[in-house]
Structure formats: C-alpha cells, structure tokens
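This report walks through selected features of one protein model, moving from aromatic ring pairs to a surface patch and then to annotated positions. Please keep the sequence and the structure in view while reading.

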Amino acid sequence: MASNSRSTAAATAGVAALLGGAAFVTPTTSSGHLRAAKTVSSASAAAPPLSASMEASATMAVAGAALAACLGRKATAANSKHLVALAAFESELGVQAPVGFWDPVGFTSDGDVATFKRRRSVELKHGRISMMAAMGYITPEITGKLPGFLSPSAGLKFADIPNGLAAVSKVPVAGWAQIAAYFGFVEFSGGFEDYKTGTPGDYGFKVLTSSDPEEKTKKLSAELANGRLAMMAIIGMFFQDGLTGSAWGDWANYTASPLRAFESELGVQAPVGFWDPVGFTSDGDVSTFKRRRSVELKHGRISMMAAMGYITPEITGKLPGFLSPSAGLKFADIPNGLAAVSKVPVAGWAQIAAYFGFVEFSGGFEDYKTGTPGDYGFKVLTSSDPEEKTKKLSAELANGRLAMMAIIGMFFQDGLTGSAWGDWANYTASPLRAFESELGVQAPVGFWDPVGFTSDGDVSTFKRRRSVELKHGRISMMAAMGYITPEITGKLPGFLSPSAGLKFADIPNGLAAVSKVPVAGWAQIAAYFGFVEFSGGFEDYKTGTPGDYGFKVLTSSDPEEKTKKLSAELANGRLAMMAIIGMFFQDGLTGSAWGDWANYTASPLRAFESELGVQAPVGFWDPVGFTSDGDVSTFKRRRSVELKHGRISMMAAMGYITPEITGKLPGFLSPSAGLKFADIPNGLAAVSKVPVAGWAQIAAYFGFVEFSGGFEDYKTGTPGDYGFKVLTSSDPEEKTKKLSAELANGRLAMMAIIGMFFQDGLTGSAWGDWANYTASPLRAFESELGVQAPVGFWDPVGFTSDGDVSTFKRRRSVELKHG
C-alpha cells in the first residue's frame with residue numbers, strides 16, 4: 001500500500017510539475033516577446049499538493065539529469081558529424097528575442113547540427129527537472145504538506161520532512177530507489193538519442209507539444225524559456241537555502257541563518273551594515289565574533305594614538321625637558337615618525353611593555369566573555385547608559401577603522417619618503433632624494449633604480465655600489481679593447497711564456513684564449529687584481545670619490561672636471577659591460593665576436609649550412625636553436641621527418657583541391673556500407689564519413705611506408721631517398737636538387753594545409769570565391785562602419801566569429817569613443 005501510494009504520488013508530482021512548468025510564460029506573436037500567462041500562485045493553486053518526497057526528488061533530480069546528459073553524450077560521441085556554418089542555429093528552437101542566438105562560450109562554433117540538437121534536448125530535460133524542483137520548493141510553502149506517512153515502516157510522516165535541501169537527508173533508501181527507477185524509465189522510454197529522430201523534447205505527449213508543427217515549436221520554445229528561468233531559480237534557491245536555511249521569504253523569517261547572529265552587534269553601522277566578505281563569521285560563533293570585535297577596538301585605539309602621535313608634534317612642537325635624564329635624551333631630540341623608534345631607550349621600551357601588560361591584564365584577555373567588548377569601566381569612553389555606551393563604542397569603532405587605514409598609510413609614506421606628509425620639497429631626509437644629484441645620474445634617464453637597491457637611503461652602500469660599477473666598467477672597457485685590438489693591430493711579437501714556448505701569436509682571440517693562459521699567467525693576473533684592489537683600497541668609497549685613485553688622467557684636480565670625467569667613464573663603462581656580454585655571447589655561439597661570417601669556421605651553426613634544405617633567400621635558419629649542439633645525426637632525423645610531413649601535406653592539399661576541379665570518383669567508396677564517393681563532402685567534413693575499414697587501410701599504408709622506408713633511414717643514406725628515383729635521382733647532384741625542391745614545396749604545403757584547415761573550420765570551405773561564403777559569420781559585418789580599403793573587414797582575433805551584430809555595434813561604438 002505504501003509502495004503504491006509513493007508510486008502514485010511520484011507520478012502525480014511529475015504530471016503536476018510538468019503541467020505547472022509549462023504554464024509559466026507563453027510567447028505572444030512572432031516578435032518573440034513574452035507575456036505573463038499565469039502567476040506562480042495560481043499555477044500552484046491549480047496543482048495538487050506536492051509531497052516532501054517529491055520535493056527531495058525534485059531537489060536531487062539535477063544530479064540524475066547530469067548523469068543522463070553524460071550517457072547521452074557518450075552515446076553520440078561515435079556518430080558522424082555534419083559541419084555547417086555558425087549561422088545554422090539562428091532560427092533553431094530556443095533562439096528567442098531579445099537575446100537571439102547566444103553562445104558566448106562557443107559550444108556551437110563547429111557548426112555540428114547533431115551536437116547542437118543533443119545539447120538542446122539535454123537543456124529541455126534540465127529545464128523540466130528544474131521547473132519540477134522549483135515547484136517542489138515553492139508548493140509546500142503555499143499549500144502545506146500532504147497528510148499521512150511518507151514511509152509507514154519508518155514512521156516518517158510528510159509533515160516531518162523539512163522544506164528545501166534539508167529534505168535530502170530524510171528520504172529513505174526505498175525512496176531513492178524509486179527516484180532512480182523513475183529516472184531510468186523517463187530516459188529509456190524517451191530514448192537517449194531522441195534528438196536524432198525528431199524534435200528534441202517531443203516524446204509524443206501532445207499536452208506539452210502539439211500535432212501542429214508551428215504550435216509545437218511555440219510550446220517547446222516557451223518551455224525552454226521557462227526551463228532556463230527555472231534553472232537560474234533553482235540554483236539561486238540552493239545557494240540561498242544553503243546560506244540562510246530557507247530559499248525564500250522575508251528576511252525576518254531567516255532566524256536560523258548564521259548571518260543573523262551579528263546583524264545587531266556593535267560595529268554594524270550604516271551605510272555598509274553587517275559586512276564580512278571573507279566569511280569569518282559564517283560559523284555563527286558569537287564568542288569568537290565578540291573576541292574579534294574586542295581586538296578590533298584595541299587595534300583601533302592603538303591606531304588612533306599612533307596617528308595622533310604622528311600629527312601632534314608637527315602642530316604643537318615637542319615637549320620641554322628630558323625623555324631620559326640619565327641618558328641626557330631630550331624630547332626635542334626625538335625625530336617624528338618611524339625614526340623615533342631607534343631613539344627610545346631600553347627603559348622606555350620596558351615602560352611601554354609594562355603599560356601594555358597593565359592594560360591587557362586589568363581589562364582581561366577575555367573581557368569579551370563577561371561584558372561588552374571595549375568596556376573597561378572607563379565611562380569617559382563608554383557610559384552607564386547602555387544605549388549611549390553602544391553609540392560611543394560604535395563611533396569609536398568607526399574612528400578606529402579610519403585610524404588603522406591612516407596609520408598604515410603614514411608608515412608607508414614615512415618609510416618611503418622620510419616624512420608622513422608635507423610638500424616633496426620638504427622631504428630632504430627621504431632616501432629617494434639621497435642620490436638624485438650623485439655621480440652617474442645623467443640625462444636622459446636621471447636617477448634610475450628599478451630594483452630598489454637604494455630604497456634604504458644608505459649613502460655608504462650607494463657609494464660602494466657606484467665604486468664597484470666603475471671598476472666593472474673599467475674591466476669591461478679593457479676586455480672589449482682586448483677583444484678588438486688584436487683584430488686590428490695583430491698580435492705582439494715574441495713569447496707570452498718562454499719556458500712553455502708559447503708565443504703571443506699562438507693565442508687565439510676571444511674566449512678561446514682562456515684555455516691557453518699558463519698557470520703563471522693566472523698568478524700574475526691574480527696578483528695584479530690584488531694590487532689594484534689593495535692599493536686603491538676596498539673601502540675607497542668611504543674616504544673619497546669612488547673611482548678616484550689619484551690618477552688625474554682619468555680624473556682631475558678640479559672637482560667639477562673630475563665629476564664630469566667620472567660621469568663620462570661610468571657611461572662608457574656601462575656601454576662596455578653591454579658590449580662585452582654581447583661579445584661573449586657571439587663568441588660562444590659562433591667562435592668569434594665579430595668579423596666576416598666566412599671566418600666563423602668553428603661555429604656549430606656552420607655544421608648544417610650546406611645541408612639539404614638550406615636554400616636562398618633565407619639560407620640556414622634556426623631561430624629556436626635546435627641545431628646549436630651541432631649534432632649531425634639529430635639534424636638529419638629532423639630533416640627526414642620534415643620531408644615526410646611535407647609529402648603528407650602536399651597529398652592533403654591536393655586532396656582538398658582536386659575534387660573541387662575534377663569532381664568525385666564514380667562508384668562506391670564502401671560497397672558494403674553503400675557509401676559512394678559522391679557522398680563524401682570535401683575538406684574536414686570528409687573525416688566523419690570514412691568507414692572503419694578505410695581507417696584500417698590508411699593505418700596499414702602508414703605502417704608500410706614507415707617500416708619499408710625505415711624509421712632510421714636518415715642514418716644510412718640521404719633523408720627522404722627511399723630508392724624511388726622519380727622523386728630523387730641516381731645522380732647525387734640531381735637528387736639533392738629534387739629533394740631540396742621537394743622540401744621547399746613541402747614547407748609551402750604545410751603552411752597551405754594549415755590555412756585550409758583553419759579556413760574550412762571557420763567558413764565551411766577551404767577555398768573558392770568569397771561571394772560563396774554566404775553562411776560565414778565573417779560576412780555579417782563586411783559592410784559595417786569602419787570596414788575600409790585596403791584592409792576591408794579585419795578581425796584576426798575572432799571577436800566577431802559569433803556573428804553577433806549587437807555586440808559588434810557596441811564594440812564599434814566603444815572604439816569611436818576611444819578614438
């Protein structure tokens with residue numbers, strides 16, 4: 001009896017919800033505008049009361065629909081696709097004013113009609129489930145619960161089932177089994193692939209559809225619109241239910257919501273009200289909330305004192321007398337702002353710590369548990385009158401929040417500029433000012449420190465870095481000259497190392513010279529480095545101008561002239577550092593830092609300059625550096641692969657073009673499948689028509705070519721030479737010529753086939769007269785404002801690929817304003 005009762009209830013729920021769902025709104029005329037047909041209340045009143053089991057069924061139905069959609073998706077994955085342009089769907093079911101065809105994610109960009117209809121079918125199902133679910137939420141609120149038992153064996157009454165998400169936990173196992181069985185019945189009786197054999201959503205139940213095609217389209221369109229609204233509604237209900245404990249109603253009824261706990265608490269003030277974007281209070285823990293509010297009050301009071309501590313001395317001046325008589329430290333000696341921290345004596349910090357302790361322990365760490373946070377009995381700040389006390393503490397909280405923002409800003413500005421306020425001209429102590437007139441600060445860049453090395457304003461460190469920069473510049477200038485001079489003047493005569501019999505003439509230029517320097521030479525270099533450093537001093541920047549070692553040819557006795565010379569030297573040194581790095585790089589890459597390419601005989605880039613495929617006008621071209629290791633075997637393997645790719649691309653390009661010129665072959669491609677050559681579309685659409693046996697033959701041919709030619713043919717001969725002399729030749733010179741031409745053609749074909757794939761996917765055809773691309777979304781805007789010769793319509797990013805005229809005009813409007 002109980003089982004029959006539940007089955008009858010489930011069936012009744014399904015019919016009532018479907019009928020109720022179809023009565024939300026209906027379209028009026030072909031204009032596509034929607035008018036209200038029945039209100040929710042009238043529809044609900046006309047429907048039988050829904051049980052809590054139905055509510056739970058409706059609530060959980062979305063999960064079943066998702067599973068059904070996945071099964072449907074899998075069932076259609078192997079089916080052939082028929083590609084059309086994006087315009088194919090603008091008059092389809094569900095395309096309605098005022099939005100029209102809307103696909104911002106681009107699900108339909110492939111123009112696949114079967115996939116579109118499958119998605120529309122799934123959308124109808126989801127909409128129906130969502131309408132049932134929304135009605136399941138609303139109906140019990142209006143009509144009340146069903147009488148009797150949901151599960152007599154469990155003693156569970158309908159009246160015991162809460163509304164909304166909470167009902168999920170009350171449905172017995174047998175109830176879930178019935179829901180699952182009903183899902184299965186609907187899916188299998190309706191069919192997973194109904195969209196292939198008729199209109200999506202038309203299962204022959206003419207109350208929802210109609211025998212009249214026009215009326216059927218009208219009804220299904222209305223249902224789609226209602227289903228979309230219901231999907232939004234049910235998601236909103238789920239969210240609101242999870243957040244507040246109820247999916248609708250007056251806020252005054254949300255007594256169980258965790259958001260209610262604190263809405264009348266201290267600090268909740270207009271215009272923001274209760275504000276907790278991070279969700280600290282989402283657990284509704286009042287004790288934790290009060291502890292945080294107490295801490296906020298303390299932080300606010302400290303920040304207000306700190307902000308006043310910054311501002312007051314600027315206005316009133318310092319206190320008279322001594323801060324620390326024993327240390328002889330006057331109040332007047334204490335700088336304002338952060339700099340004051342370093343002047344407070346140890347006894348001062350001890351007093352501050354003692355005061356902190358007194359405030360905390362006397363007020364109590366847990367004062368929020370025993371009274372109002374922030375009320376320590378000091379009635380000047382609070383009051384004996386509860387209403388006045390709340391008013392004062394609320395004002396204090398607001399002021400404290402402002403003070404926290406203010407003091408953080410002051411700290412930041414003080415740390416950056418040396419003062420928390422005032423005219424830039426007064427920021428004489430700012431670390432940013434310290435170096436603006438220093439050596440090396442030159443037009444047009446001026447003082448430049450993007451990494452922030454000088455942000456601490458340490459003059460000594462700045463001078464040390466400038467001294468190091470001068471030394472690096474001098475070394476780089478010497479190194480650059482060392483690279484260049486032997487090329488111009490030649491090598492020194494005689495021996496670099498008589499004992500080793502090593503002549504200067506034996507030393508190569510550039511980096512290669514490093515390996516020729518004898519140990520004694522390195523010792524001399526090290527000794528010279530030491531002499532320069534120790535005689536100049538490691539800390540010369542502390543006692544004078546960086547870089548001035550008394551050698552007046554480089555500097556001068558005249559301070560102004562000295563600054564001018566050192567500044568020029570810094571600029572030249574910076575240029576030399578860039579130059580020597582460039583020389584090192586070019587030397588390492590090519591074997592020489594300059595000169596004619598013909599001289600770079602040791603460069604790894606030379607290894608392949610006469611190889612197959614190196615042709616004018618580009619010559620050898622490897623911008624990515626694949627061949628920088630000079631590995632000939634790897635190079636030949638890549639060239640072999642390139643030849644194969646080129647051959648495939650040439651065949652593919654011809655496969656695209658030939659049927660357009662010569663027409664299709666006569667007869668059958670697959671007699672067993674009754675598939676004629678004439679039935680095969682051109683381009684990418686042909687892929688879906690190749691039968692399994694055809695793919696097997698293609699795979700077998702691939703295998704034959706690879707295994708007969710050999711995967712490692714490049715090791716035993718010329719890449720691409722498989723003995724087929726029509727493509728190559730017995731004459732080595734002619735063979736190279738033919739393979740080089742083939743490589744060039746293959747490269748062109750690779751570019752061509754990629755272009756064809758792109759154009760085919762975008763427009764439905766890979767070539768032909770533009771006038772034939774009537775279905776292309778790119779056509780929509782070719783006569784619009786701003787489409788001008790010589791470029792015409794230009795949208796390389798594809799903003800207009802959806803063909804949405806309204807969006808196009810909005811963008812054009814924005815473009816005009818920007819212009």
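## Basis of the model and a buried tyrosine

Tyr483 counts as buried, at 6% relative accessibility, where buried stands for under 20% relative accessible area, exposed for over 50%, and partly exposed for what lies in between (1.4 Å probe, protein chains only). The model is a predicted one, in which local features need pLDDT of at least 70 and side-chain atom pairs count only at pLDDT 80 or more, while totals for chains, interfaces and linings use all residues. Residues are numbered from 1 along each chain as its sequence is written, and side-chain values use heavy atoms, with hydrogens and water left out.

## Aromatic pairs

Four aromatic pairs are present in the structure; rings of Phe, Tyr and Trp (its six-membered ring) pair if their centres lie within 6.5 Å, and planes under 30 degrees apart count as stacked, over 60 as edge-to-face and the rest as tilted. One of the pairs joins Tyr483 and Phe584, whose ring centres are 6.1 Å apart and whose planes stand at 55 degrees, so this pair is tilted. Because Tyr483 lies in helix H12 (residues 459–489) and Phe584 in helix H15, the pair ties together parts that are 101 residues apart in sequence; helices here are DSSP runs (H or I, at least four residues), numbered from the N terminus. Phe584 counts as partly exposed, at 37% relative accessibility.

Another tilted pair is made by Tyr656 and Phe757, with ring centres 6.0 Å apart and planes at 55 degrees. This pair links distant parts of the chain, with Tyr656 in helix H16 (residues 632–662) and Phe757 in helix H19 (residues 732–763), 101 residues apart. Tyr656 is buried, with a relative accessible area of 5%, whereas Phe757 is partly exposed, at 35%.

## A nonpolar surface patch

Phe584 also belongs to a nonpolar patch on the surface, together with Leu511, Val514, Trp522, Ile525, Tyr528, Phe529, Phe531, Val532 and Ile581, and the accessible area of the patch is about 960 Å². The elements that give two or more residues to this patch are helix H13 (519–536) and helix H15 (559–590), and H13 gives the most, with six residues.

Patches of this kind are made of residues with over 30% relative accessible area and no salt bridge, and nonpolar side chains (Val, Leu, Ile, Met, Phe, Trp, Tyr) are joined within 5 Å. A salt bridge is a side-chain nitrogen of Lys or Arg within 4 Å of a carboxyl oxygen of Asp or Glu.

## Positions annotated in UniProt

UniProt, in an unreviewed entry, places the feature "binding site" at Arg128 and Glu187; such annotations may be inferred rather than shown by experiment. Although spread over 60 residues of sequence, these positions cluster in space, the largest C-alpha distance being 13.0 Å. Arg128 is found in helix H4 (residues 113–143) and counts as buried at 10% relative accessibility, while Glu187 is placed in helix H5 (residues 173–190) and counts as buried at 12%.

For "binding site", the unreviewed UniProt entry also lists Trp102, Glu123, His126, Glu223, Asn226, Arg228 and Gln240. Glu123 lies in helix H4, counts as buried at 19% relative accessibility, and touches Leu224, Arg228 and Met231, not counting residues up to four places away in sequence, where contact means heavy atoms within 4.5 Å. Gln240 lies in helix H7 (residues 213–244) and counts as partly exposed, at 29% relative accessibility.

Methods
Patches are made of residues with over 30% relative accessible area and no salt bridge: like charges are joined within 9 Å, nonpolar side chains (Val, Leu, Ile, Met, Phe, Trp, Tyr) within 5 Å. Accessible areas come from the Shrake-Rupley method with a 1.4 Å probe; for residues, only the protein chains shown count as cover.
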